[in-house]
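Colleague: Before I look closely at this model, could you take me through how its parts are arranged, one question at a time?

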Amino acid sequence: LTALGKEAVAACNRLGILVDVAHCTPEGIAHALEISTRPLVYSHGHVISTTPHWTHSGVRARAIAARQARGIAEKGGVIGIWPLGSQFRSLDAYAGALIDTASSVGIDHVGVGTDLLGLGGSTVIPGYEQFPQLEEILTKRGLKSAEILGVLGGNYLRALRAALTA
């Protein structure tokens, strides 16, 4: 982050504004993690084991490194997994990605990736009407009701409430 970007993160924390690092570079995410005193969110993308770089192909370049995802979780934040049709062949496969991410960062730090309208036609969740189906799949996979409510939006609400208590 530039000096102004660092000031912006500090100001957001002071003013009760939730910071979203979904479009940051890995370096920007690292700076935000250093500066922020409140939870951060990575609202939409996916997690990879290596560090993404702008020279990677589109989807891979938009990822977050697993270690940084864990850093966001440690601050009480949320990692939103984007339901890209090019990555997930079905809603069931997407549910698996949510569970896999939860195994790395904790179930309280995973959410459905926001910006659903930004996906165009290539998504396994074209609208919120698919949430009941996702809830059913997550239930069959062994998640508890409270965990599912967290993934379907409650985890974001918790992070937002923490940011608002400036």
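**Packing and burial, piece by piece**

Colleague: What does the cover over the buried residues of α4 include?

Modeller: This is a predicted model, in which local features need pLDDT of at least 70 and side-chain atom pairs count only at pLDDT 80 or more, while totals for chains, interfaces and linings use all residues. Residues are numbered from 1 along each chain as its sequence is written, and side-chain values use heavy atoms, with hydrogens and water left out. In α4 the buried residues (under 20% relative accessible area, with exposed over 50%, partly exposed in between, a 1.4 Å probe and protein chains only) are Ala66, Gln68, Ala69, Gly71, Ile72 and Ala73. In contact with them (heavy atoms within 4.5 Å) is a cover that includes α2, β2 (40–45), β3 (47–48), β4 (64–65), β5 (78–81) and α5.

Colleague: How many helices and strands does the protein chain have?

Modeller: Helices (H or I, at least four residues) and strands (E, at least two) are taken as DSSP runs and numbered from the N terminus. Along the sequence they follow the pattern α-β-α-β-β-α-β-α-β-α-β-α-α. For the protein chain this gives 7 helices and 6 strands.

Colleague: What share of the contacts in the protein chain with a separation of 6 or more comes from residues 24 or more positions apart?

Modeller: The protein chain has 166 residues, of which 46% count as buried. Among its contacts with a separation of 6 or more, the share from residues 24 or more positions apart is 64%.

Colleague: How are α2 and α4 placed, roughly parallel or roughly antiparallel?

Modeller: Two packed helices are described by the angle between their axes and the distance between the axes. For α2 (residues 26–35) and α4 (residues 66–74), the axes come within 11 Å and cross at roughly 25°, where axes are lines fitted to C-alpha atoms, for helices over the stretch in contact, and angles run from 0 to 180 degrees between N-to-C directions. Angles under 35 degrees count as roughly parallel, over 145 as roughly antiparallel, 65 to 115 as roughly perpendicular and the rest as oblique. The crossing angle therefore makes α2, relative to α4, roughly parallel.

Colleague: Which residues of α2 and α4 make the contact, and what is the handedness of the crossing?

Modeller: From α2 the contact takes Pro26, Ile29, Ala30 and Leu33, and from α4 it takes Gln68, Gly71 and Ile72. A crossing is left-handed if the near helix is turned anticlockwise from the far one by less than a right angle, and right-handed if clockwise. The crossing of α2 and α4 is left-handed.

Colleague: Which residues is leucine 152 in contact with, leaving aside its neighbours within four places in sequence?

Modeller: Leucine 152 lies in helix α7, and its C-alpha atom is separated by 9.4 Å from that of glycine 113, 39 residues apart along the chain. With neighbours within four places set aside, the contacts of leucine 152 are Val112, Phe131, Leu134 and Glu135.

Colleague: Is histidine 109 buried or exposed?

Modeller: Histidine 109 sits in the loop between α5 (91–105) and β6 (110–112). Not counting residues up to four places away in sequence, histidine 109 touches Ala73, Gly76, Gly77, Val78, Ile79, Asn155 and Arg158. Because its relative accessibility is 16%, histidine 109 counts as buried.
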